[in-house]
Amino acid sequence: MKTLSISHLLVLLCLVSAGLYAADKGTDGVLVALQADDLKVVQAGEVVYQANCAACHGKYLEGQPNWRQRDANGYLPAPPHDAEGHTWHHADDLLFEITKYGPGAVIGDKNYKTLMPAYQGLLSDDEIIAVLSFIKNTWPEEERAWQEQVNGNDPNTFGTVEKKSSLLDQLKK
Ligand code: HEC
């Protein structure tokens, strides 16, 4: 129970900070919405994910071991992007900006130590939207509903399209 309450506290803290960005145009003044129910976008995103993100965040979005603890050099391992992680605590636009500009730019600290690359110039905006849409598509209903609330959307309006039976599901079998 102890770990449960601590993790709930963490969820709350993340939400409070993510909430600052909800329905917010973030640092670049553009409000981006992901397209997690558009299967074409999701499928394209899966390809982008396996080619660019899986090496760190895991083939199955499972992240790296001990992802909450910085290593001896002060770097965090790559967190999972599945329901175990906290990617789903953040609004669409914040996820886009973390991926495009890097975590340091988003938190306003140019010297922030991180191994997460900034993908500006490496991936197009459409590719970034696609890869994050793929990630978002894999989240279970509860996390999806929660994240839509962080986005400032009605939590009941997502998922009208059947979930893609992705490579992810097939590989896990
Ligand atoms: C070289 C390893 C590496 C690669 C490749 C990588 N990441 Fe990351 N990513 C990280 C690390 C490490 C973090 C933790 C950030 C920190 O240091 O605070 C992270 C964090 C993130 C976060 C923030 C998660 C959260 O819950 O706050 C997002 C979103 C993200 N990555 C998306 C991506 C996407 C999308 C790709 C592929 C296009 C990608 N990453 C590729 C290492 C990587």
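1. Glycine 152 comes after helix α7 and has a positive phi, near 85 degrees. Helices here (H or I, at least four residues) and strands (E, at least two) are DSSP runs, numbered from the N terminus. The model is a predicted one, in which local features need pLDDT of at least 70 and side-chain atom pairs count only at pLDDT 80 or more, while totals for chains, interfaces and linings use all residues. Residue numbers start from 1 along each chain as its sequence is written.

2. Within α7 itself, the buried residues are Arg144, Gln147, Glu148 and Val150, where a residue is buried if 20 or more other C-beta atoms lie within 10 Å of its own, exposed if 12 or fewer, and partly exposed in between, with C-beta atoms placed from the backbone. An α-helix has 3.6 residues a turn, so residues three or four places apart point the same way.

3. Phenylalanine 158 sits in the loop between α7 (141-150) and α8 (167-172), and is partly exposed, with 19 other C-beta atoms within 10 Å. Leaving aside neighbours within four places in sequence, phenylalanine 158 is in contact with Asp37, Arg144 and Glu148, a contact being two residues whose C-beta atoms, placed from the backbone, lie within 7 Å. Phenylalanine 158 and alanine 36 are 122 residues apart in sequence, yet their C-alpha atoms are 8.7 Å apart in space.

4. As a whole, the protein has eight helices and zero strands, and 31% of its 173 residues are buried. Among contacts with a separation of 6 or more, 65% join residues 24 or more positions apart.

5. Helix α2 (residues 39-52) has 14 residues and reaches 20 Å from its first C-alpha to its last, close to the expected 20 Å, a span defined as 1.5 Å times one less than the number of residues. The buried residues of α2 include Val41, Val42 and Tyr49.

6. Not counting residues up to four places away in sequence, leucine 132 touches Leu34, Leu95, Phe96 and Thr99.

7. The ligand is surrounded by 24 residues, the closest being Cys53, Cys56, Ala78, Thr114 and Met116, where a residue is near if its C-beta atom, placed from the backbone, lies within 6 Å. Two or more residues of this shell come from each of α3 (54-57), α4 (92-101) and α6 (125-137). The shell divides into 16 nonpolar, eight polar and no charged residues, with Ala, Val, Leu, Ile, Met, Phe, Trp, Tyr, Cys and Pro counted as nonpolar, Asp, Glu, Lys and Arg as charged, and the others, Gly among them, as polar.

8. The loop between α3 and α4 contains leucine 61 and asparagine 66. Phi is near 70 degrees in leucine 61 and near 50 degrees in asparagine 66. Leucine 61 is buried, with 22 other C-beta atoms within 10 Å, whereas asparagine 66, with 10 C-beta neighbours inside 10 Å, counts as exposed.
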